[in-house]
Amino acid sequence: MAEIARLNSSPAGGHSARIDQLRRQLGALEAATGLAGECSALLALGTPVIDAVLGGGLGGGTLHEIAAAREVTAASGFALALAARRMRGAPAPIGNSCDARNDDRPVPTLGRSVLWIAEDLSLAENGALYGPGLDEIGIAPERLITVAAPRARDVLWTMEEALRCRAIGMVIGEMRPRGIDQVATRRLALAAAAGNVLGIILYTAPDDAPSAAVTRWIIGAASSLDAARSHDVGSPRFLARLVRNRRGPLGTWIVEWNSVEQRFELATYSEPVAGAAFDRPHRTAVA
Amino acid sequence: MLAVDAAAERLGLTAGLALAQARAMHPTLTAVPEDQTTDARVLDAIAETCQRYTPLVAIDPPDGILLDIGGCAHLFGGEDKLRADLLVRMTRLGYSARVAIAATIGAASAAARFGDAPIMENATRDARERLAPLPLAALRLPDETVAALTRVGLKRIGDILDLPRSPLAARFGADLLRQLDRALGREDEPLTPRLPVAPYVAEKSFHEPIAREEDVLASVERLAARLKTALAARGAGARRLELALFRTDGAVKRIAAGTSRPVRDPQAIRALFVERLAALGDEIDPGFGFDLARLSVLNAELCPDEQIGLGTREDQIELDRLVDRLSARLGRQRVSRLLARDSHIPELAAAVMPAQAMTRGEFGWDAFRRFRVEAGLSSRPLRLLAKPELIADVFALVPDGPPARFRWRRALHEVVRAEGPERIEGAWWSEKGGPARDYFRVEDKAGLRFWLFRAGLYRDMTPSPPRWFVHGMYA
């Protein structure tokens, strides 16, 4: 894997055939383990640079990890923004039960419903999802089913059940990173592949434990536009660090969620792309 | 002394005797103090055991249980056999019981407590004859009425049966006649069952008690298959089900499960109880096994006939099944949908409802979106704390402006950007409404965004410093 990453990040174009071949080999190997789902439905972030690194986007039936750098709200916003992109394109839910019986109209699917699971402790500490706020950043609250699980064990169980259900578009499970071993993530990865559902584990703190997830992100909040240019709070903005990627290189970006077009955009002002550490606010780096 | 057991009775002791007197007669007497709450609990447990004979069981305090066995006696081989079975069961549990069967509650209660004929015929004439020799107290009359009747020489029910009614009513109250009429079946007396009666019930008793989970689930499926016929006949489906497992030692385990759409498919019903049993785990203690299983539909709803092969609709069914499974395992309240509510107070503007209870729809969000555009609603946070949290060390540049820094959960946040205020009035029409709040959306140096508010207007604050809260966080 490390070799591929190195190859991929090297600018030499002559290697591309070799890389494609390696990718195919890797795909075949992963398919044999049952870890790779049908990657037909890639979930692109909408940012060409990042999508290229991901090889087109996040695979449909795969498991990904998003860890909160500090406050979990930013990380949950990032995960939910992905959910919003997942919902996009799916037809609107049924207006009311009378319409549902009207056979003239095609019955819209709720196949893109999103299940959001959180541990009780995390809900108490970080607050529950708030419908008006969700709607504001472009996530239809009516598409969301929320589950409050008493323990991390129940989060894992619920995730596994939901990942096997093909009527769900995406499953997000929020929990503390403690006690989640590789067996657990592997079970989830297998379930995701079986149901062809995108699974996201949302950790409330960064974690280095080995896992079966395809990518691992650390998401932190990023400041709005330069204070000199505006005093207003802008769109949701994330400092996204891709710290593990089975399919390609890593990277760090500052992305902004465009809730109207429902896509991530690279922040347009200059930022120190390298070395953006969380303990060192990047504003000082700019100055 | 309130009650005596059989051994004490043989010694000539009776209830109502003073304890000191009894002790004087028999120094080795064992006395147990009265405990009404435990008595009530035991009575309730016995009633639960009796639930196996009929769904209509009522408690007749302080020491009686009423069973309406109309239409069920034949299931146990007739009234005689039912009575014998009940007596055996009570004896096995270690209780001594007196059982009487009669056409009215009054007569049965009188016969059980004071009579010696266990079964009374339905005919009124027979009831008259049987009741006549019993004391008046058997009519469940207040003590004063019985005492007053005794004073004038009326001691048995037979004494008042043929007396003119109006003088009796005038002297001893209408209660006396009503109780008499009820006992004789001249007036109806309704029985109030201790549990609601389910519209659809199927049950199976086992000669050999079952204890294994697979056996329980298999019988659930068999019972569900029987219910299916009954439900389909009326075009109904189950929304709420209850499985009652009667243990051989009299205890009853009740397990409820809900669904988000009416179901009558035995497989689906079985799947619900798989999760319920898994969630309960060791709480279902089979002891020496269950000898009766009863599956009741507590709530039924009209259910359109099965639609098969409508493509996308299958997704819907799949989703409902998932919701049912999760609700069965984790609890109904834990699997929710978000609802928009018509309220300007932030914590009331969104509600969380059990997903099973919500039929499909947009849950009020369309109206909310229209409102947001029309009213130009300010930004709302992604996550809202269950309870606003007090923040300390607030320092504001302008008295009623946003804070320049604040301390929350021990971390100091330097505010770089702020928007607001948005003033939200409290519910002034309600006593618990609270003061108006000025909300600010702020961003700190690290890019973290908060939704803060100051409780109350600034001008009302002096001299005490204003109180600030964090209410939510933005992405």
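Two strands pair if DSSP finds at least two bridges between them; helices (H or I, at least four residues) and strands (E, at least two) are DSSP runs numbered from the N terminus.

The structure is a predicted model, in which local features need pLDDT of at least 70, side-chain atom pairs count only at pLDDT 80 or more, and totals for chains, interfaces and linings use all residues. Residues are numbered from 1 along each chain as its sequence is written, while chains are lettered from A and ligands numbered from 1 in the order in which they are written.

**View 1. Strands 2 and 5 of chain A.** Strand 2 (residues 113-119) and strand 5 (residues 168-175) of chain A run parallel and are joined by six bridges. Within strand 5 of chain A, A:Val171 stands opposite A:Leu115.

**View 2. A pairing between the chains.** Strand 4 (residues 144-149) of chain A runs antiparallel to strand 7 of chain B, with three bridges between them. A:Ile145 has B:Arg337, in strand 7 of chain B, as its bridge partner.

View 3. Eleven strands form an open sheet with mixed pairing, in the order 10(A)-9(A)-8(A)-7(A)-1(A)-6(A)-5(A)-2(A)-4(A)-7(B)-8(B). Strand 10 (263-266) of chain A and strand 8 (350-354) of chain B stand at the edges, each with a single partner strand, so one side of each lacks a neighbour in the sheet.

**View 4. The side of chain B that touches chain A.** In all, 51 residues of chain B are in contact with 57 residues of chain A (C-beta atoms, placed from the backbone, within 7 Å). Helix 13 of chain B gives the largest share of this side of chain B, 11 residues.

Conventions
Two residues are in contact if their C-beta atoms, placed from the backbone, lie within 7 Å.
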